[in-house]
Amino acid sequence: MKVLVVGGGGREHAIVRKLKQSARAPQLYCAPGNGGIAADAVCVPIKATDVEAMVDWAAREGMDYVVVAPDDPLALGMVDALAEKGIPAFGPTKAAARIEASKVFAKDLMKRYGIPTAAYETFDDAEAARRYLRARNQYPVVVKADGLALGKGVLICRDEREALEAVHSIMEAGAFGASGRRVVIEEFLTGPEVSVLSFTDGETIVPMVSSMDHKRALDGDEGLNTGGMGAVAPNPYYTDDVARVCMETIFKPTVAAMRAEGCPFKGCLYFGLMLTPDGPKVIEYNCRFGDPETQTVLPLLESDLLEIMLAVTEGRLAQTEVRFSGKYAACVVLASGGYPQKYATGKAITGLANGQLAGSRATVYHAGTKQEGGALVTAGGRVLGVTAVEDSLWQAIASAYDAAGAIRFEGLHMRRDIGKRALAAHDTKEG
């Protein structure tokens, strides 16, 4: 079976490595892939957003199945284009991908179907947004670009000056291009954050192990928002009781709402949740696997990922086993100095053999690497994700950091407190 994974980051590497374990022993391809994925799949130099070239290549090379992993090609309708060529794929249609591609669509969906979320207003006029902020005069407040912005289009504003700056930056200065033509201004929620990835075939929904992302660039949740500096799973705040509430008030209603809207969601639906004093609420939806949450969740999956994905595509998820281990996972991201702003690339990476750590049980997922003159070098802001799976949370965190310490490149930056909040909550929960 020939399987193509679209994308070239750490999430895609985690998907590729898990698909490699399938009993079907698929021939794996990844486009565009990266310097580490090349050790696990045949890399094809096609941009993930080049829908026409990707679909033509998949048809010409006889791909049996395609996993469209990133948000951009999903929002551009790659799954629809593949279907037109008769190629089955994992991922939502363009219409269903709006649940992430448009925050306005997502917020309006939640309002219509009574799914708990933060109170909000939407604006396509900057002056109207400014008038609203001045009249509302409640801070902190959250200002979000409507469209896709690499996970960086959400600004938490502590006062009026920051909020007005956010509106100007997004809507007038074009910080996120066309994604910022509209904004959502919403109330600031408080409470522990939880990420829950889920498989759904449009009818059945099966949540995966919960996780905790670390978005800020610096220790103590300081600095700028990033695509994610690390994650741990499971999230200790996500208890069985919370999970039951989320299933009945958020997960099932969302899947039903998308069906009712005429755009049933098939693929991986990501719920970004806040466990507020008033109960769980949705912060955001993603229409795909999260990054770096995938690098902690998929290593805990014991069932065959390819079989699950095929079941999602074919609408038979209810009859398919989805089983996770009872272990813990931690992922530490090694980034280029300066990320998420300006950073240098082309720095030699040392400590790895064939992209992995020899003699270590930890797995290295490549996010921004490439082969250059026979050497592995940095090629992005987030370079590597080092994941360890252990019997306890503290062991997983310690093992991930121990493994990360064996890797070097000039300007390497990583947070030193990944999992610290989770560990404190876990210890409290354990008594």
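Predicted model: local features only at pLDDT ≥ 70, side-chain atom pairs only at ≥ 80, totals over all residues.

The residues that line the largest cavity are I99, E100, K103, A106, K107, M110, K144, E186, I283, E284 and Y285. Helix 5, residues 94-101, helix 6, residues 103-113, and strand 17, residues 279-286, are the elements that give two or more residues to this lining. The most comes from helix 6, with four residues.

Helix 5 and helix 6 also pack on each other. Their axes come within 6 Å and cross at roughly 90°, which makes helix 5 roughly perpendicular to helix 6. On the helix 5 side the contact uses R98, I99, E100 and A101, and on the helix 6 side K103, F105, A106 and L109. By class, that contact has five nonpolar, no polar and three charged residues. I99 and E100 of helix 5 and K103 and A106 of helix 6 are in this contact, and I99, E100, K103 and A106 are also among the residues that line the largest cavity.

Helix 6 has another partner, helix 9, residues 240-260. Here the angle is about 105° and the axes are 10 Å apart, so helix 6 and helix 9 are roughly perpendicular to each other. F105, L109 and Y113 of helix 6 meet A257, M258 and A260 of helix 9. What classes do the residues of this contact divide into? Six are nonpolar, with no polar and no charged residues. F105 and L109 of helix 6 take part here, and F105 and L109 are also in the contact with helix 5.

The next pair is helix 7, residues 126-136, and helix 8, residues 160-172. They pack at about 165°, with axes 10 Å apart. Helix 7 and helix 8 are therefore roughly antiparallel, and their crossing is right-handed. Helix 7 contributes A126, A129, R130, L133 and R134, while helix 8 contributes E160, A163, L164, V167, M171 and E172. The residues of this contact divide into seven nonpolar, no polar and four charged.

Strand 22 supplies the largest share, three residues. By class, the lining of the second largest cavity has four nonpolar, three polar and two charged residues.

Most residues other than glycine have a negative phi, and most peptide bonds are trans. The bond that joins D291 and P292 is cis, with omega about 20°. P292 sits in the loop between strand 17 and helix 10, residues 294-297. Strand 17 is also one of the elements that give two or more residues to the lining of the largest cavity.

Another cis peptide bond runs from Y339 to P340, with omega near 15°. P340 is in the loop between strand 18, residues 328-336, and strand 19.

Which residue has a positive phi although it is not a glycine? That is A25, with a phi of about 45°. A25 lies in the loop between helix 1 and strand 2, residues 27-32.

Helix 1, residues 10-19, strand 19, residues 363-366, strand 22, residues 382-390, and helix 12, residues 393-404, are the elements that give two or more residues to the lining. Which element gives the largest share? Strand 22 does, with four residues. The classes in the pocket lining are ten nonpolar, six polar and seven charged.

Definitions and conventions. Residues numbered from 1 in each chain as written. Heavy atoms only, no water. Axes fitted to C-alpha atoms, helices over the stretch in contact; angles between N-to-C directions. Parallel < 35°, antiparallel > 145°, perpendicular 65-115°, else oblique. Left-handed = near helix turned anticlockwise from the far one by under 90°. Contact = heavy atoms within 4.5 Å. Nonpolar A, V, L, I, M, F, W, Y, C, P; charged D, E, K, R; others polar. 1 Å grid on protein atoms, 1.4 Å probe; cavity = no way out; pocket = protein on both sides within 12 Å on 5 of 7 lines; lining within 4 Å.
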